[in-house]
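Please follow the paragraphs below with the sequence and the coordinates open side by side.

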Amino acid sequence: MSQKKDVLNSLNEKMTSLDQLADQIADIFGCPITIEDSNHHVVSYSKHKDNIDQVRISTIINRKVPDKVINGLWKKGVMPKLIDSDDPVSIPKINEVGLGNRVAISVRKHNEILGFVWAHTSDKTFTEEELVLFKEAAAYVKKFFLKDLQRHRKLEEGYRDFFWQLLRGDLQDTDAIKQREKKYNMHLEGNKAIVVIRFTDEVTEQMEKHAFYLSESQVKLHVITSLFDDNDFIMLVHLKEAFDYKQTLYAFMDQFITRISQQLDLANVFGAAGLAYQAAQQIQNSHQQAREVLKLQEKLPDTINPVKLYEDLGVYQFIEQLAETRKADQYQNPFMEKLRAYDQQHGTSLLASLEVYLQCDSNVYNAAKRLFIHPNTMNYRLKRMREVSGIDLKDPNLKANIYLDLIIENIQQT
């Protein structure tokens with residue numbers, strides 16, 4: 001063991017490439033080594049002899065861990081352990097995905113996952129001393145990541161300040177943005193949008209680790225950069241042209257929320273995204289739009305919760321501005337007030353029935369189904385609404401007006 005320790009201590013002097021480092025670590029522990037980035041792409045791997053499993057072969061050929069293996073590691077609870085722990089994790093073979101025995105450790109700086117080191121142990125079991133040495137070996141991998149792959153740029157103060165300036169709209173000059181984009185190696189070409197994941201639980205170090213890992217391990221979209229702002233995890237994402245970006249954003253947020261909620265037993269996690277823009281100057285707008293969706297999700301959970309994209313809000317995009325105008329004018333919808341007075345006097349529910357009718361796009365049968373009444377009863381209520389308030393339910397302008405005022409009233413009551 002002391003000899004292995006001596007070899008490990010000499011790595012600083014010998015280390016010239018990650019491939020060489022992988023070979024040296026493999027020699028120390030007597031088993032094949034694979035070094036991956038945070039997205040499970042192969043960065044380097046050691047030479048190997050016989051008796052290796054299909055997963056290692058497939059990983060090396062494709063330069064990436066197969067998705068079925070990553071999914072299997074999540075299902076077995078391995079990935080959460082790797083994300084949460086700074087120590088090596090022993091992984092028994094998973095026959096379903098063809099994975100043999102492994103020992104793995106995450107390589108991180110603070111809460112950001114830089115990558116992983118995997119030892120293909122086969123029938124060998126690491127001793128406690130070897131596990132300690134394996135952790136020390138991972139520290140050398142970390143140095144190499146920070147030195148040659150420049151992953152530390154995301155933690156640089158200037159880099160983060162640049163992202164904040166984009167979020168706040170402090171930078172509007174295109175040349176100034178281009179200069180900083182080049183300086184911090186932040187690629188801002190193409191369609192970009194802000195995605196915000198909001199936690200109702202107090203954000204812990206463990207939650208940060210999981211959030212950063214999930215943001216890094218995406219396939220259909222690329223997370224350019226991310227940061228925590230109190231309980232909001234804010235991501236700037238690049239949307240690949242070849243994909244339906246709406247479907248991609250929904251799938252991304254749903255998977256993110258499901259995984260982090262299940263793994264950390266979180267009660268309420270919400271997600272929202274603003275519009276996609278080409279210009280970096282519009283990142284501020286996308287951020288504000290995502291926050292607007294989250295605000296409405298909180299105020300109107302039954303109505304808005306399924307909606308995560310600003311563009312899918314419809315009239316809710318400008319409902320708060322209209323509410324402010326109504327408040328300033330001290331406006332009260334006369335049709336609503338007549339129906340409200342009638343309901344209070346006669347113990348009926350004409351106003352509530354009208355709201356459901358409008359929500360169902362003026363479909364009598366759907367509205368009756370929602371209200372658990374017969375369609376004839378719904379038709380009778382519509383007739384009484386016209387008689388009591390004088391509203392013409394065939395006039396789209398009047399219907400739109402009262403529908404918006406009903407939404408405003410619901411928001412103000414929350």
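A disulfide is taken here as a pair of cysteine sulfur atoms within 2.5 Å, and in general terms a disulfide is a covalent bond between the sulfur atoms of two cysteines. The structure holds 0 disulfides. Cys-31 has a relative accessible area of 6% and is therefore buried, where buried means under 20% relative accessible area, exposed over 50% and partly exposed in between, for a 1.4 Å probe and protein chains only. Cys-360, at 11% relative accessibility, likewise counts as buried.

The model is a predicted one, in which local features need pLDDT of at least 70 and side-chain atom pairs count only at pLDDT 80 or more, whereas totals for chains, interfaces and linings use all residues. Residues are numbered from 1 along each chain as its sequence is written, and side-chain values use heavy atoms, with hydrogens and water left out.

Consider next the open sheet of 5 strands, whose order is S2-S1-S5-S4-S3 with antiparallel pairing; strands (E, at least two residues) and helices (H or I, at least four) are DSSP runs numbered from the N terminus, and two strands pair if DSSP finds at least two bridges between them. Strand S2 (42-45) and strand S3 (89-91) are the edge strands, each pairing on one side only, and the twist from one strand to the next averages 25°. Within this sheet, strand S4 (residues 102-109) pairs with strand S5 (residues 112-120) in the antiparallel sense over 8 bridges, and Ile-105 has Val-117 in S5 as its bridge partner. Helix H3 (residues 18-29) lies across strand S1 (33-37) and S2, and runs at about 50° to S2; axes are lines fitted to C-alpha atoms, for helices over the stretch in contact, and angles run from 0 to 180 degrees between N-to-C directions.

The contact (heavy atoms within 4.5 Å) is made by Met-336, Leu-339, Arg-340, Tyr-342 and Asp-343 of H15 together with Leu-350, Leu-351 and Leu-354 of H16.

Finally, Ser-226 is found in strand S7 (residues 221-229) and is buried, with a relative accessible area of 12%. Apart from neighbours within four places in sequence, Ser-226 is in contact with Arg-160, Phe-163, Phe-212, Ser-215, Phe-233, Ile-234 and Met-235.
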